[in-house]
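Please read the points below with the model open.

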Amino acid sequence: MRRTALIAGVLVAGWAGPAAALSTYSGSLSVADGGLVAYGLGWAGSSDLWTPVTKLQWTVTQTSAGAWHYDYTLTVPSPGVGRMIIEAGDGNPGAAFTSANMSSLSSGPVPCIAEVAIGMQNASPENLGMPEAMYGIRFDTSTGLTTLEVSFDSDRKPMWGDFYAQTVGYYCPANGSFQLPWLQWVRNAGFTVDDIDSMAPPANGSIDYHLLVPGVPAPGALLLSGLGVVAAGWLRRRGIV
């Protein structure tokens, strides 16, 4: 989850270089290929050939020079998905991802998103099995679907990040446990304590069992933001502002 800061020279090159063609990236991780780590007799896998294994698929499509469409589909046996968390840019570098960076939220196969929360997502006990807290988008559902698709548009470029999901349940502070005897959870295998997400550019497939998530602002936005800070300092030193 931790990332090193981007080098200013890379940002300048990304801003000043020629416009690139629009791109589409897709990938998947599953319990069967070791890309997902799951807990629970259902989500962790089954010898039943007719029971689908837990699998996460994603497609990220660039719709214009500064816009991207993100689509995630999580398939589990049963019970269904009650919560899914997708990591997002935490402000290193650039500004943190907020609701202003997301639009056109949709869910399927039927509308089922009851709540969306963007910010730091806590680990246990709220999200059992999540190795550590992460900054991301939390989708809570109103019904437990065995196939949950969530899609949205964003002005943030894709980066490599993490994911977590669990069955429908609620936390009871009185006894410190979830009130669901069949609680199950899943995360990408690359999501570990103090893991460092790859800074490699987006691509098809997965890198170190990570997935593409909405990350940093476009290089031009980062550069202009940095130039604005520099310019403001220059003006202050000269008593202009």
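The notes that follow refer to a predicted model.

1. Aromatic pairs. A pair of aromatic rings is described by the distance of the centres and the angle of the planes. There are four aromatic pairs in the model. In one of them, Tyr-70 and Phe-152, the ring centres are 5.5 Å apart and the planes meet at 20 degrees, so the pair is stacked.

2. Where that pair sits. Tyr-70 belongs to strand β4 (residues 67-75) and Phe-152 to strand β9 (residues 147-154).

3. The cluster. Tyr-70 and Phe-152 are joined by ring pairs with Tyr-72 and Phe-139 into a cluster.

4. Cis peptide bonds. Most peptide bonds are trans. The bond from Gly-108 to Pro-109 is cis, with omega near 5 degrees; Pro-109 lies in the loop between β6 (102-108) and β7 (113-121). The bond from Ser-124 to Pro-125 is also cis, with omega near 10 degrees. Pro-125 lies in the loop between β7 and β8 (134-145).

5. Positive phi. Most residues other than glycine have a negative phi. Asp-194 has a positive phi of about 60 degrees, and for Asp-208 phi is positive, near 50 degrees. The loop between β14 (185-188) and β15 (211-214) holds Asp-194, and Asp-208 lies in the loop between β14 and β15 as well.

6. Asp-194 has a relative accessible area of 43%, so it is partly exposed. Asp-208 is exposed, at 56%.

Notes:
Residues are numbered from 1 along each chain as its sequence is written. This is a predicted model: local features need pLDDT of at least 70, side-chain atom pairs count only at pLDDT 80 or more; totals for chains, interfaces and linings use all residues. Side-chain values use heavy atoms; hydrogens and water are left out. Rings of Phe, Tyr and Trp (its six-membered ring) pair if their centres lie within 6.5 Å; planes under 30 degrees apart count as stacked, over 60 as edge-to-face and the rest as tilted. Helices (H or I, at least four residues) and strands (E, at least two) are DSSP runs, numbered from the N terminus. Buried means under 20% relative accessible area, exposed over 50%, partly exposed in between (1.4 Å probe, protein chains only).
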